[in-house]
Amino acid sequence: MNLRKGQLEFGGNRIKVFHDDVLAKEIISNHILSALPKSINRELVVVCIGTDRSTGDSLGPLTGTFLEETGLACFNVYGTLDKPVHALNLEENIERIYQKHHDPFIIAVDACLGKMKSVGMIQIGDGPVKPGAGVKKDLPPVGDIHITGIVNISGFMEFTVLQNTRLNLVLKMAKLIAAGISRANLHLQYQNAMISMNSGQAKEKLI
């Protein structure tokens, strides 16, 4: 099925939406919020995977850079244009995350290749992403949930295809993913503020 603007595709605990859907930011945000753990003791981490040396593979670092510039109170961000998380340092960064953060809940962001009709689509789902699979690299899976953007077509000379992907599309998708995560962050900030306020009022009544 060739999805058009305004249409969604669901599959299990996964949702797909085109980057130019008018509700895409809200859809991404809501799906992230619904997937987050109920435990307040788990730290939330966004790992944006990729490199700025390849246009198609820069989706992750661009997303991380936008998130870092926005500033998030509820999410810790790894992987930016300045400090990318890529094939050569992925395992090192994952190890650091588990050392630094208590029982981290990881959202992995990465670019991927797909069918021509799916280019420009963003997928959000449960479970990890397998970085490097599109270019035959054997890297460890990452993430409790994943957000992937289909930046170009697969099936032939994937490395070259990534190198020749349009930056305009990747930039739009990265901004959208960052906007969705930022919206989820604002929701969590508001939620935490309300919990703190209600807790304070309860203490005042006891006094």
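Predicted model: local features only at pLDDT ≥ 70, side-chain atom pairs only at ≥ 80, totals over all residues.
Leaving aside neighbours within four places in sequence, which residues is Thr-80 in contact with? The legends below begin with this residue.

Figure 1. Residues are numbered from 1 along each chain as its sequence is written, and side-chain values use heavy atoms, with hydrogens and water left out. With neighbours within four places in sequence left aside, Thr-80 is in contact with Pro-61, Gly-64, Thr-65 and Glu-68; contact means heavy atoms within 4.5 Å. Thr-80 lies in the loop between strand E4 (76-78) and H3. Helices (H or I, at least four residues) and strands (E, at least two) are DSSP runs, numbered from the N terminus. Thr-80 counts as buried because its relative accessibility is 5%; buried means under 20% relative accessible area, exposed over 50%, and partly exposed in between (1.4 Å probe, protein chains only). The side chain of Thr-80 also reaches the backbone nitrogen of Lys-83, at 2.9 Å.

**Figure 2. A network of salt bridges around Arg-42.** Salt bridges link Arg-42, Asp-103 and Asp-144 in a network. A salt bridge is a side-chain nitrogen of Lys or Arg within 4 Å of a carboxyl oxygen of Asp or Glu. Between Arg-42 and Asp-103 the closest N and O atoms are 3.4 Å apart. This pair links distant parts of the chain, 61 residues apart: Arg-42 is in the loop between helix H1 (24-35) and strand E3 (44-48), and Asp-103 is in the loop between helix H3 (90-100) and strand E5 (105-114). In the salt bridge of Arg-42 with Asp-144, the closest N and O atoms are 3.9 Å apart. Here the two residues are 102 residues apart, with Asp-144 in the loop between strand E6 (121-126) and strand E7 (145-153). Arg-42 is partly exposed, at 22% relative accessibility. Asp-103 is partly exposed at 42%, and Asp-144 is partly exposed at 29%.

Figure 3. The side chains of Glu-92 and Arg-96 meet in a salt bridge, at 3.0 Å from N to O. Both residues lie in helix H3, 4 residues apart, which is about one turn of the helix. An α-helix has 3.6 residues a turn, so residues three or four places apart point the same way. Glu-92 is partly exposed at 46% relative accessibility, and Arg-96 is partly exposed at 35%.

**Figure 4. Helix H1 and its buried residues.** H1 has 12 residues and reaches 17 Å from its first C-alpha to its last, close to the 16 Å expected at 1.5 Å a residue. The expected span is 1.5 Å times one less than the number of residues in the helix. The buried residues in H1 include Ala-24, Ile-27, Ile-28 and Ser-29. His-31, Ile-32 and Leu-33 are also buried in H1.

**Figure 5. Ser-182 in helix H5.** Ser-182 is found in helix H5 (residues 167-206). With a relative accessible area of 13%, Ser-182 is buried. Not counting residues up to four places away in sequence, Ser-182 touches Leu-67, Thr-70 and Leu-72.

**Figure 6. The chain as the setting of the close-up views.** The chain has 5 helices and 7 strands. Along the sequence, they follow the pattern β-β-α-β-α-β-α-β-β-β-α-α. Of the 207 residues in the chain, 46% are buried.

Technical notes:
Polar contact = N/O pair within 3.5 Å; in protein donor to acceptor, adjacent residues only side chain to side chain.
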